[in-house]
Amino acid sequence: RVNAGVLITGESGTGKEWAARYIHDLSPRRDKPFVPVNCGAIPPDLLESELFGHEKGSFTGAIAARAGRFEVAEGGTLFLDEIGDMSLPMQVKLLRILQERTYERVGSNKSRECDVRIIAATHRDLEDAIEEGLFREDLYYRLNVFPIEMPPLRERVDDLELLAGNIIRRCEGSGLNPVTVTPAAFRILRHHSWPGNIRELANLLERLCVLYPGSDVDIKDLPARYTADAPVRESDRQRIHEARESGPLPQDFGLPGEDVSLKEYLANIELSLIRRALHETEGVIAQAARRLNVRRTTLVEKMKKYGLS
């Protein structure tokens, strides 16, 4: 069994968990569990119980004994994502496990042996965190036996087709009808800066699979943010304009990061369009109503609704 520590670094969304799963799948531990834990998403006072488990009655709310992630991952791989967000007291406890290969559940003094490979990941610069006193140097060297840096997608656009193919196959495996992205569309996508990295690419392709199942996706089918500043040929620019003459297309809108109120979301879009129409017609309501293809009285009622004068 391979126990060498791996530390994966890179911006958010660069596919660090994918890389960790790939390492696990190629290791002798591939038949055992791969257990991911996002250290930044779990409150510090709950992370110890999450990792090590707890005994019944060990703290308020512990109505039953519970196995921790180390126990679940026994024989396999534990992926500690955003390790840079782990508190210093938890870093001490993690270091002890890496040194002694034993741990105790919260509320227990019974040691349990641990055969787990640790793969850690972070978007932070841990060397800077060490200088600032936010990360233990000894833990850093324990984890950083084999470092892997994941480059941002903007620096590897030549891999766009390969990455997209893998993502589309994943979409197909989850039950979606896959799309085929045309070479022209890929040409445009290569000019995007990809601030969300591979996660942004995955979200885009999943949205296109939902909107255009089993179809070819061309330039005109891409969301406006991907074509707005790209070097689009005049013929393609005309096709984009024709496709959006009646307004934005479904692919131009993505769901916010959290749950959304559809009624409120649509109201904000309506308000934005009314303001834009009034601005472009210098406040002439009749002309703005024609731009929006609604009756003047309807527009007046909506202006009252939104408090516009």
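Which residues point one way from E8, and which the other way?

1. Arg117, Ile119 and Ala121 point one way from E8, while Ile118, Ala120 and Thr122 point the other way; all are buried (under 20% relative accessible area, with a 1.4 Å probe and protein chains only). Strand E8 covers residues 117–122, and six of its six residues are buried. Strands here are DSSP runs of E with at least two residues, and helices are runs of H or I with at least four, numbered from the N terminus.

2. A word on the basis: this is a predicted model, where local features need pLDDT of at least 70 and side-chain atom pairs count only at pLDDT 80 or more, while totals for chains, interfaces and linings use all residues. Residues are numbered from 1 along each chain as its sequence is written, and side-chain values use heavy atoms, leaving out hydrogens and water.

3. Now to the neighbours of E8. Strand E1 (residues 6–9) pairs with E8 in the parallel sense over four bridges, pairing requiring at least two DSSP bridges. Within E8, Ala121 stands opposite Ile8.

4. Strand E5 (residues 77–81) also runs parallel to E8, joined by four bridges. Here Thr77 has Arg117 of E8 as its bridge partner.

5. Next, the surface charge. Asp125, Glu127, Asp128, Glu131, Glu132 and Glu137 gather in a negative patch (residues with over 30% relative accessible area and no salt bridge, like charges joined within 9 Å; a salt bridge puts a side-chain nitrogen of Lys or Arg within 4 Å of a carboxyl oxygen of Asp or Glu). Helix H5 (residues 126–131) gives the largest share, three residues.

6. Asp128 lies in helix H5. Its relative accessibility is 44%, so Asp128 counts as partly exposed, the class between buried and exposed (over 50%).

Conventions: Patch = residues over 30% accessible without salt bridge, like charges linked within 9 Å, V, L, I, M, F, W, Y side chains within 5 Å. Areas by Shrake-Rupley, 256 points an atom, 1.4 Å probe, with all protein chains shown as cover. Lys, Arg positive; Asp, Glu negative; His and termini not counted. Charge placed at Lys NZ, Arg CZ, Asp CG, Glu CD.
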